[in-house]
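Morning, everyone. Let me put the structure up, and then we'll walk through it piece by piece.

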Amino acid sequence: MGIASEALKNFKGFSLKNMPEVEPLSPGHRACQGCGEVLALRQAMKAIGSNVVVCSATGCMEIITSPFPQTAWRVPWIHVAFENAAAVVSGVEAAYKAMNRKKIINQPEVTFLAYGGDGATADIGLQALSGALERGHNFVYLCLDNEAYMNTGIQRSSSTPFGASTTTSPPGRKSSGQATWKKNLPKIAVAHGIPYVATASPAYPVDLMNKVKKASLVPGPAYVHIYSPCPTGWRCGLDESLEVARLAVETKVFPLYEVIDGKYFLSRKPSNPRPITAYFKPQRRFRHLKEDEVAGIQSIVDDEYNDLLCRCGI
Amino acid sequence: MSRRVGIEVSLAVAEAVGLCDVDVIAAYPITPQTHIVEHLSELVAEGHLDAEFIPVESEHSAMSACVGSSAAGARTFTSTSSQGYALMSEICYIASTLRLPIVMAVANRAISAPISIWNDHADLMYARDAGWIQLVSENGQEAVDLTFMAFRIAEDKRVSLPVQVNLDGFIMSHVIEPIFLPDAQEVKQFLPPFEPLLRLDPEKPITIGPVGMPDVYTEARKAHDEILKASKPIIGEVFDEFEKQFGRRYKIIETYKIEDAETVIVAMGSLSQTAATAIDAMRQRGVKVGMASIRLFRPFPAAELVEAIGKAKNLVLLDRATVFAGGEISGPVALEVKSALFDRGLSPKTANFLVGIGGRDVTGQNFEEMVERVVTAQKGDLPPYEFINVRE
């Protein structure tokens with residue numbers, strides 16, 4: 001049995017009947033209306049609880065929760081820069097390890113959590129994340145993926161999906177929007193041989209919370225990639241975040257799965273997958289795409305999903 | 001009991017860090033800093049030092065991990081040089097305003113291009129505006145002693161700022177010197193356990209590193225500036241305490257044969273040792289020359305410096321780094337010195353020389369030429385700076 005399976009063998013998950021009441025991330029922050037990212041982070045924090053140190057990358061979740069002298073954080077929280085949340089959490093974890101061992105403190109049960117957006121994770125912070133995963137620090141990393149640099153005004157990242165319109169991948173006479181395929185970060189995390197990797201979505205809160213909780217229970221690094229709808233950047237209705245998040249799973253665009261000790265497990269198999277057009281429809285960032293482009297995207301989504309099923313042994 | 005050992009300076013600095021019983025070291029290898037972190041890894045691997053050694057994947061992550069570690073309340077050390085400093089510099093600025101008492105040894109090295117592993121003060125100058133305390137050593141014993149003092153200064157609750165200990169790459173870092181190393185008990189007596197002002201603790205949650213809107217940003221920067229200003233007398237106090245316990249005297253501005261000197265050389269780092277030898281030779285010939293050596297570069301000790309050099313007729317101001325300012329103003333150290341003099345209504349004859357750049361040797365002969373130049377030139381005829389010992 002691998003170390004993650006061993007740590008999770010008696011895992012009792014959350015359910016709608018036993019939701020934790022704790023709110024480490026308090027309401028009253030400054031997120032946009034309908035923000036799916038802060039909802040996901042709230043769910044994650046409820047699952048983690050209060051015995052945690054949180055390291056934040058620069059980004060929406062940092063800026064909306066910490067305008068001095070206010071803070072939305074009821075747990076210890078540090079923000080340093082854009083690209084280094086994984087390195088900062090490495091230092092915090094090492095400090096606790098050394099100080100516990102040297103009996104300077106007696107706090108052996110603290111969880112160490114770092115989070116960043118897709119830009120902070122897939123682009124500028126990928127090196128720091130890779131280093132921290134490789135070194136094997138005992139921490140949880142959450143990538144809150146809203147598929148572009150939303151905090152600076154919706155510029156493309158390497159996690160922006162093919163064809164999406166952003167302020168630096170605008171469609172035009174010579175462009176159909178984002179010209180590259182979305183970087184597969186969970187796969188990169190898996191390649192580090194870490195004990196736990198998962199994808200999650202705030203449209204499936206119990207699943208999300210269970211995955212974050214599991215991530216905190218396994219010894220060593222754990223990575224959870226969280227789909228984080230952004231109505232402002234995706235140009236969908238303010239009340240459509242969760243609907244879009246659900247469609248992303250039902251259209252196979254963002255499948256939910258876990259990789260425990262290197263083994264893939266599908267969390268949710270849509271019984272009757274819908275075409276990708278159902279997912280594109282509410283989002284104006286895909287509105288310019290032509291029929292043949294949509295068909296091309298559908299074909300790659302199908303291939304990637306089938307590849308995932310294969311990995312899951314389905 | 002202190003023991004006197006023949007030891008490479010880098011290893012001695014690592015021994016000093018070990019004697020300070022650090023909790024976390026996060027470091028990335030770069031020449032000429034490598035021997036410091038190699039020896040620290042050995043101390044940890046052998047169980048001589050109970051610490052976490054984080055072998056990070058870059059200097060940027062080295063300083064980032066140090067910030068996390070120090071904010072969690074651990075005594076934290078790192079070391080770098082040159083390009084490594086350049087890469088981590090973004091986070092160095094943050095570490096200081098967050099008031100994190102990290103100690104960093106910088107084995108001073110030139111900055112690319114062309115790539116050069118050899119010594120100058122380009123990294124020291126690169127770091128001057130980052131809000132750290134910058135101590136400069138002239139020899140191995142000083143590098144070791146300043147390491148002990150750096151932790152004591154950094155962790156003083158009235159300071160709580162990161163401190164750099166600068167030592168010249170190769171010229172000091174790779175040289176074997178006879179060095180007094182105190183024992184752990186003596187160091188413990190000098191350096192009390194680290195008690196952070198605040199720490200990341202679930203039992204007492206705090207938010208560190210918030211957004212500073214325009215209504216608070218200026219105040220945050222001013223507060224940092226005030227605390228750096230207030231650190232100078234405390235640095236002096238720590239020098240005094242060190243002398244009381246270990247008998248070695250440190251001053252913010254060190255002087256050599258300056259009392260009757262008409263010409264004063266203002267130097268920093270290991271150059272001072274060569275200068276002292278040259279001064280002895282010139283004194284034998286009746287030249288009234290002396291030296292002031294800058295031990296503390298940030299906060300800049302203008303008052304102490306002017307007190308030391310204010311009576312001199314001629315000043316030789318040395319910069320061990322190139323400056324790209326268009327040629328009409330002086331090098332960085334000379335600018336500071338001139339500004340300090342100007343503010344006090346003093347205008348001696350000054351010559352600024354760029355020396356020892358990228359590992360170029362500076363000889364006793366060079367010092368004699370520089371003194372000759374400032375003595376014989378007419379005031380007003382000297383350029384803002386000149387390169388010394390350079391092929392045309």
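Start with one residue pair: B:Asn314 stands opposite B:Lys349 in strand S15 of chain B. Before I go on, the ground rules. This is a predicted model, where local features need pLDDT of at least 70 and side-chain atom pairs count only at pLDDT 80 or more, while totals for chains, interfaces and linings use all residues. Residues are numbered from 1 along each chain as its sequence is written, and chains are lettered from A and ligands numbered from 1 in the order in which they are written. Helices (H or I, at least four residues) and strands (E, at least two) are DSSP runs, numbered from the N terminus.

Back to that pair. Strand S14 (residues 314-319) and strand S15 (residues 349-354) of chain B run parallel, joined by six bridges. Two strands count as paired if DSSP finds at least two bridges between them. In general, strands of a sheet pair through backbone hydrogen bonds, either parallel or antiparallel.

Now the whole sheet. It is open, has six strands and mixed pairing, and its order in chain B is S10-S12-S11-S14-S15-S16. Which strands stand at the edges? They are S10 (253-256) and S16 (386-387) of chain B; each has a single partner strand, so one side of each is left without a neighbour in the sheet. Helix H11 (residues 332-343) of chain B packs on the sheet. H11 touches S11 (263-267), S14 and S15 of chain B, and its direction makes about 140° with that of S14(B). Axes here are lines fitted to C-alpha atoms, for helices over the stretch in contact, and angles run from 0 to 180 degrees between N-to-C directions. Contact means C-beta atoms, placed from the backbone, within 7 Å.

Look at S11(B). Five of its five residues are buried. Buried means 20 or more other C-beta atoms within 10 Å of the residue's own, exposed means 12 or fewer, and partly exposed is in between, with C-beta atoms placed from the backbone. Both faces are covered: B:Thr263, B:Ile265 and B:Ala267 on one side, B:Val264 and B:Val266 on the other. S11(B) runs parallel to strand S12 (residues 289-294) of chain B, with five bridges. In that pairing, B:Ile265 stands opposite B:Met291.

Next, domains. Chain B is assigned domain 1 (3-246) and domain 2 (255-387). These bounds come from an automatic or database domain assignment. The C-alpha centres of the two domains of chain B lie 28 Å apart. Their contact takes 27 residues from domain 1 and 20 residues from domain 2 of chain B. On the domain 1 side, helix H8 (214-246) of chain B is among the elements that supply at least two residues. H8(B) gives the most, with five residues.

Over to chain A. It has 12 helices and 10 strands. Its radius of gyration is 19 Å, close to the 20 Å that the globule rule gives for 314 residues, so chain A is as compact as a globular protein of that length. The radius is taken over C-alpha atoms, and the rule is 2.2 Å times the number of residues to the power 0.38. Of the 314 residues of chain A, 54% count as buried.

How do the chains meet? 40 residues of chain A are in contact with 38 residues of chain B. On the chain A side, the largest share, 13 residues, comes from helix H4(A). That side has 24 nonpolar, 11 polar and five charged residues. The classes: Ala, Val, Leu, Ile, Met, Phe, Trp, Tyr, Cys and Pro are nonpolar, Asp, Glu, Lys and Arg are charged, and the others, Gly among them, are polar.

Last stop, A:Phe82. This residue sits in the loop between strand S2 (77-79) and helix H4 (85-101) of chain A. Is A:Phe82 buried or partly exposed? With 19 C-beta neighbours inside 10 Å, A:Phe82 counts as partly exposed. Not counting residues up to four places away in sequence, A:Phe82 touches A:Ala57, A:Thr58, A:Ala120, A:Ile124 and A:Gly125.

Methods:
Contact = placed C-beta atoms within 7 Å.
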